[in-house]
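Let's walk through this structure together, one part at a time. Please keep the sequence and the 3D view open as you read.

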Protein chains: 2
Amino acid sequence: MTTSAPASPGSPALVPSPRIRTSPFYPATLAAGANRFTVYNRMLMPVSYGDPAAEYRRLIETAALWDVACERQVEVAGPDAGRLVQYLTARDLGSLEVGEARYVAMCNHDGVLLNDPVLLRLSDRYWFSLADADMLLWVEAVAGERGFDARVCEPDVSPLAIQGPRGMDVAAALFGEGIRELARFHLVETDYEAIPVVVCRSGWSRQGGVEVFLRDGSGGPALWEAAMGAGQPYGIGPGAPNPVERVESGLLSFGGDTTPGSNPFEANMARYVDLDAPVDYIGKAALRRIATEGPRRLLVGLFLEAGISDTASLETRVPVWRDGEAVGTMSAAVHSPRLGRTIAIAQIERAVVEAGAPLEVDGRSGRVAATITGLPFI
Amino acid sequence: MTTSAPASPGSPALVPSPRIRTSPFYPATLAAGANRFTVYNRMLMPVSYGDPAAEYRRLIETAALWDVACERQVEVAGPDAGRLVQYLTARDLGSLEVGEARYVAMCNHDGVLLNDPVLLRLSDRYWFSLADADMLLWVEAVAGERGFDARVCEPDVSPLAIQGPRGMDVAAALFGEGIRELARFHLVETDYEAIPVVVCRSGWSRQGGVEVFLRDGSGGPALWEAAMGAGQPYGIGPGAPNPVERVESGLLSFGGDTTPGSNPFEANMARYVDLDAPVDYIGKAALRRIATEGPRRLLVGLFLEAGISDTASLETRVPVWRDGEAVGTMSAAVHSPRLGRTIAIAQIERAVVEAGAPLEVDGRSGRVAATITGLPFI
């Protein structure tokens with residue numbers, strides 16, 4: 001590792017730059033009170049509107065509207081699109097029909113996980129809806145070097161997520177009652193008052209709802225306003241991918257939970273890797289070897305014997321210790337209101353996980369006892 | 001374009017995340033008063049220590065110490081390293097000897113500029129010292145797909161720049177008088193009191209000095225302290241890649257000045273593209289075609305007829321207008337103390353540049369008159 005960090009670096013002031021993009025929803029999120037941001041795929045993403053407890057509650061109880069335009073798409077179209085997409089994906093896509101989506105692992109030739117996108121199949125193209133990495137470079141290089149007859153680009157597509165138990169009510173108010181028929185990971189190409197969108201029953205929470213993929217950035221303000229208006233009867237409010245709910249639900253933060261060089265088995269993605277299917281994809285031989293030998297580490301949950309104010313929380317990965325020896329990293333600790341406990345996500349040596357040994361993690365004032373558990377928590 | 005932004009978005013509070021790395025010099029920069037940051041290659045980079053005028057003056061008159069660890073390296077080693085590096089680079093590397101460096105363009109198969117790194121040739125490996133993009137993905141994909149016998153990684157290497165007219169005095173105090181013999185874009189592998197480094201006479205300013213490539217992150221605090229101590233007699237102080245000096249000097253901000261899809265000719269890099277050399281590299285055919293047809297846009301300087309407080313400054317690209325028609329984008333406007341004028345960098349349609357027509361740019365309160373000029377300004 002080349003990096004080091006103090007346990008609590010605060011909230012640095014970010015200087016705007018033309019290198020760091022803003023989303024079509026950015027003015028609306030500012031107007032709604034967005035006051036803390038991250039940079040994701042070289043784009044500003046609001047992560048809080050000033051009341052984290054209310055934002056969590058809305059997600060769990062009613063509905064939340066998230067600007068996740070930073071989930072950029074790599075679009076693949078053209079005669080060889082299907083072949084190229086399969087070659088980039090460690091999952092058998094033989095059953096992926098138009099109108100469906102899959103959570104997939106993209107790996108390099110050594111089986112290292114490069115991204116964990118949701119892959120959408122539209123009528124005439126595919127979209128990899130990406131976690132934080134410039135995968136356009138990867139896809140362009142593979143397409144160009146292998147001579148696939150495919151068009152690869154980052155299109156003008158900006159996801160807006162409506163998440164929560166009333167999320168489908170909001171979606172129905174926006175797009176009509178028929179939208180309720182969409183099964184999980186199914187999608188429809190439609191529009192909202194002439195604003196072209198793709199609506200997919202997906203999202204980075206386990207609370208239900210949809211992601212609305214805006215296909216024309218100029219419609220951002222109108223779409224945000226429409227979603228807020230349609231959601232009013234259902235208690236919608238602004239929110240963002242929620243660090244508490246996602247830890248409770250065991251959802252992966254690629255590049256956050258995963259250390260550099262992790263393979264999918266070390267990222268809790270074994271069920272999405274098809275080793276025996278009759279398809280060829282980058283990294284298959286390496287992944288078979290890793291599966292045979294067994295991965296070196298596993299992604300697990302931790303119960304921490306401390307309040308959240310005593311833990312290193314969300315800022316940085318911290319070491320996990322057994323008998324004074326570093327055996328892994330913890331990437332996110334939160335207080336779970338639903339469990340009434342401090343919980344975390346960690347990547348830990350497999351032998352240590354299998355032995356079930358007592359562990360410790362670095363806290364704000366000394367070590368904190370930790371116990372391994374499975375994911376998800378809830 | 002998928003993005004939009006208000007003219008002046010302020011300084012958003014950035015929430016720390018394990019996805020966003022900190023540099024080995026980060027604690028030292030905080031202690032030195034770093035108070036504004038950007039995110040570059042998924043790493044925090046300090047961009048100001050609270051007194052921009054003093055930071056500019058130090059760079060022009062004495063010496064400045066910059067944490068540029070975010071200039072990450074892609075390392076290429078192994079039997080096919082030389083062949084792979086040439087294939088990735090739109091410049092003839094036939095004359096690149098061990099101990100030398102070159103400013104190069106990396107392009108995709110369509111001739112689109114992907115990065116403008118400095119390429120260093122060490123005794124047993126190459127480093128692409130990168131601008132802001134995940135080029136590791138590109139290089140790994142090309143190496144893997146083409147079957148080059150090369151090892152590709154991001155090593156534990158963190159550049160620390162010493163820039164300014166007294167920069168070589170500081171370098172001599174640190175590494176011995178012999179370092180003064182280094183010619184521009186030459187490098188030496190050495191150490192500072194057992195901390196392994198590569199010292200290269202380079203840097204993102206035209207004020208002279210070196211970049212010290214720290215090869216062991218754990219030495220970061222000691223190296224920073226040593227440089228500060230050695231530089232004291234020469235008036236060294238903390239600084240960062242300087243937005244004023246770099247515009248005066250016409251240095252490219254990749255991804256800032258360049259719009260998506262720009263080729264090297266549209267980024268003022270024509271002199272670094274070798275179309276006739278007997279070497280093969282990605283994008284060569286496309287670049288030849290573009291050179292024959294002539295690029296659509298050019299990167300130029302602008303003189304603005306307004307004070308800096310009236311311009312959109314550094315936050316975002318803004319349109320450049322001729323007779324009410326958008327003919328390009330302006331990416332950075334600054335007040336040049338040395339010229340006593342407001343100057344900017346812009347990418348403008350070639351026909352408009354050649355016609356020399358009067359232009360306008362969006363300012364904070366209406367349009368501002370602009371005149372095209374060549375780069376650099378000084």
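A residue is called buried here when its relative accessible area is under 20%, exposed when that area is over 50%, and partly exposed in between (1.4 Å probe, protein chains only). Helices (H or I, at least four residues) and strands (E, at least two) are DSSP runs, numbered from the N terminus. With those terms in hand, look at helix 6 of chain A, where G220(A), L223(A), W224(A), A226(A), A227(A), M228(A), A230(A) and G231(A) are buried.

Before we go on, a word on the model and its conventions. This is a predicted model, in which local features need pLDDT of at least 70 and side-chain atom pairs count only at pLDDT 80 or more, while totals for chains, interfaces and linings use all residues. Residues are numbered from 1 along each chain as its sequence is written, chains are lettered from A and ligands numbered from 1 in the order in which they are written, and side-chain values use heavy atoms, with hydrogens and water left out.

Back to helix 6 of chain A, which covers residues 220-231 and has 12 residues. The expected span of a helix is 1.5 Å times one less than its number of residues. For helix 6 of chain A, the distance from the first C-alpha to the last is 16 Å, close to the 16 Å expected.

Now move to helix 4 of chain A, residues 135-146. Its 12 residues should span 16 Å at 1.5 Å a residue, and the end C-alpha atoms are 17 Å apart, which agrees. Helix 4 of chain A is mostly covered, with 9 of its 12 residues buried. Those buried are M135(A), L137(A), W138(A), V139(A), E140(A), A141(A), V142(A), A143(A) and E145(A). Just after helix 4 of chain A comes G147(A), which takes a positive phi of about 70°.

What does chain A touch on chain B? Counting heavy atoms within 4.5 Å as a contact, 64 residues of chain A are in contact with 65 residues of chain B. Buried area is the accessible area (1.4 Å probe) that two parts lose on being put together, summed over both. For chain A and chain B this comes to about 5200 Å², with 57% of it on carbon and sulfur atoms.

Charge pairs also cross this interface. Side chains of opposite charge can pair when their charged atoms come close. A salt bridge is taken as a side-chain nitrogen of Lys or Arg within 4 Å of a carboxyl oxygen of Asp or Glu. By that rule, 8 salt bridges lie across the interface of chain A and chain B. One of the salt bridges found in the model joins D132(A) to R19(B), at 2.8 Å from N to O. Strand 1 (13-14), strand 2 (36-40), strand 3 (43-48) and helix 4 of chain A each supply at least two residues of the side of chain A that touches chain B. The largest share of that side, 9 residues, comes from helix 4 of chain A.

Over all chains, a search of the whole structure finds 44 salt bridges. Within chain A, R42(A) pairs with D134(A), their closest N and O atoms being 2.5 Å apart. R42(A) lies in the loop between strand 2 and strand 3 of chain A and D134(A) in the loop between strand 10 (126-129) and helix 4 of chain A, so this pair ties together parts that are 92 residues apart in sequence. Both R42(A) and D134(A) are buried. A network of salt bridges links R19(A), R42(A), D132(A), D134(A), R19(B), R42(B), D132(B) and D134(B).

A second pair in chain A brings E189(A) and R215(A) together in a salt bridge (3.4 Å, N to O). E189(A) sits in strand 13 (residues 187-192) of chain A and R215(A) in the loop between strand 15 (209-214) and helix 6 of chain A, 26 residues apart. E189(A) counts as partly exposed at 35% relative accessibility, and R215(A) counts as partly exposed at 23%. In chain B, R102(B) forms a salt bridge with E100(B) at 3.3 Å between the closest N and O atoms, and both residues are buried.

Finally, find S249(A) in the loop between helix 7 (243-248) and helix 8 (284-293) of chain A. S249(A) is buried, with a relative accessible area of 2%. Leaving aside neighbours within four places in sequence, S249(A) is in contact with R206(A), Q207(A), P376(A) and I378(A).
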